[in-house]
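Subject: Structure for you to look at

Hello,

Here is the structure I said I would pass on. Please open it first, then read the notes below it.

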Amino acid sequence: PTLQAGGAERVLTTLVNYWAQDDRFEISLLVHDRDNPFYAVHPAVKITKTPYWKGMRKWVVFFATYRHLKRQKPDVVVPFILWNNILTVIAAKLLKIPCLLSERVSPHIVKFPFTWIRNIAYSMAAGIFIQTKRGSLIFPTRMKNKFFIIPNPVLVPPTKASLNSHSIISVGRLTQQKQFPHLISAFDRVEKKYKDWT
C-alpha cells in the first residue's frame with residue numbers, strides 16, 4: 001500500500017522497473033501514501049497516490065481502490081501485503097478483474113480470526129505469489145492450485161565480493177516475523193562443518 005523503505009516495497013519496485021522496460025506493458029501503481037517513494041521508480045510507471053493508509057479505516061481504502069480500478073480498468077491487478085491484498089481482491093472481484101496476490105511475509109504469523117478472513121479473501125484470487133512452498137502449506141488444500149512459488153528477486157551487482165570471503169549477512173528488523181533465531185540455529189549447525197564461514 002505504500003512505497004516506503006521495506007522488503008515488499010523493494011520487491012515491488014524491482015518488478016515494476018523490470019516490466020516498465022518492456023513496451024508491451026503499461027504499468028501503474030496505486031499507493032495509499034503521499035510520501036515520495038523510497039526506492040527509485042522507472043519514469044514510465046504512472047503512480048496514483050491517496051492519503052488513506054496511515055490512520056484511516058480500511059473501508060476508506062477499499063472504496064478508494066474500488067473507484068481507482070473501476071476508472072483504470074486494468075487487465076490484471078497485483079496487490080502486495082496482507083490487508084492491501086484482502087481489500088484489493090474484493091474490489092477486483094466485484095469488478096471482474098483478475099487479481100494475482102503477492103504474499104511477501106510469512107503467512108504463519110497471521111493469527112485467528114484474521115486467518116479466516118484472509119483465506120476467504122484469498123480464495124477469490126486468480127493466483128497467489130508466495131516465496132516458499134512451506135508458506136503455501138498453511139493455506140487450505142482447496143487453494144493449492146492457486147499458488148506460484150517465486151522467491152524474492154535480487155539484482156546482482158556487477159562487481160563480486162572477494163572469493164576468499166565466506167560470510168552470511170542478514171539484514172532486517174529484530175522482530176519475530178524475521179525469524180533470526182532460526183538463522184542463528186541453522187548457522188550453528190553449518191559452522192561446525194564449514195569452519196571458514198562466518
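**What was found**

The lining of the second largest pocket is made up of 25 nonpolar, 10 polar and 4 charged residues. Here Ala, Val, Leu, Ile, Met, Phe, Trp, Tyr, Cys and Pro count as nonpolar, Asp, Glu, Lys and Arg as charged, and the others, Gly among them, as polar.

This is a predicted model, in which local features need pLDDT of at least 70 and side-chain atom pairs count only at pLDDT 80 or more, while totals for chains, interfaces and linings use all residues. Residues are numbered from 1 along each chain as its sequence is written, and side-chain values use heavy atoms, with hydrogens and water left out.

**Overall**

The protein has 6 helices and 5 strands. Helices (H or I, at least four residues) and strands (E, at least two) are DSSP runs, numbered from the N terminus. From that end the order of the elements is α-β-β-α-α-β-α-β-α-β-α. The C-alpha trace spans about 60 × 40 × 35 Å along its principal axes.

**The pockets**

A pocket is an open set of points on a 1 Å grid over the protein atoms alone, where a 1.4 Å probe fits, with protein on both sides within 12 Å along at least five of seven lines; lining residues have an atom within 4 Å of a point.

The second largest pocket is lined by 39 residues, and Ile27, Ser28, Val76, Val77 and Val78 lie nearest its centre. The largest share of that lining, 7 residues, comes from α1.

The lining of the largest pocket has 35 residues, of which Arg104, Val105, Ser106, Gln177 and Lys178 are the closest to the centre. Its classes are 13 nonpolar, 14 polar and 8 charged. Again α1 (7-20) gives the most, with 5 residues.

**Two helices in contact**

How do the axes of α3 and α4 cross? Helix α3 (residues 82-94) and helix α4 (residues 114-122) have axes that come within 9 Å and cross at roughly 45°. Axes are lines fitted to C-alpha atoms, for helices over the stretch in contact, and angles run from 0 to 180 degrees between N-to-C directions. The two helices are therefore oblique to each other; angles under 35 degrees count as roughly parallel, over 145 as roughly antiparallel, 65 to 115 as roughly perpendicular and the rest as oblique.

The contact (heavy atoms within 4.5 Å) involves Leu82, Trp83, Asn85, Ile86 and Val89 of α3 and Phe114, Ile117, Arg118, Ala121 and Tyr122 of α4. These residues divide into 8 nonpolar, 1 polar and 1 charged.

Regards
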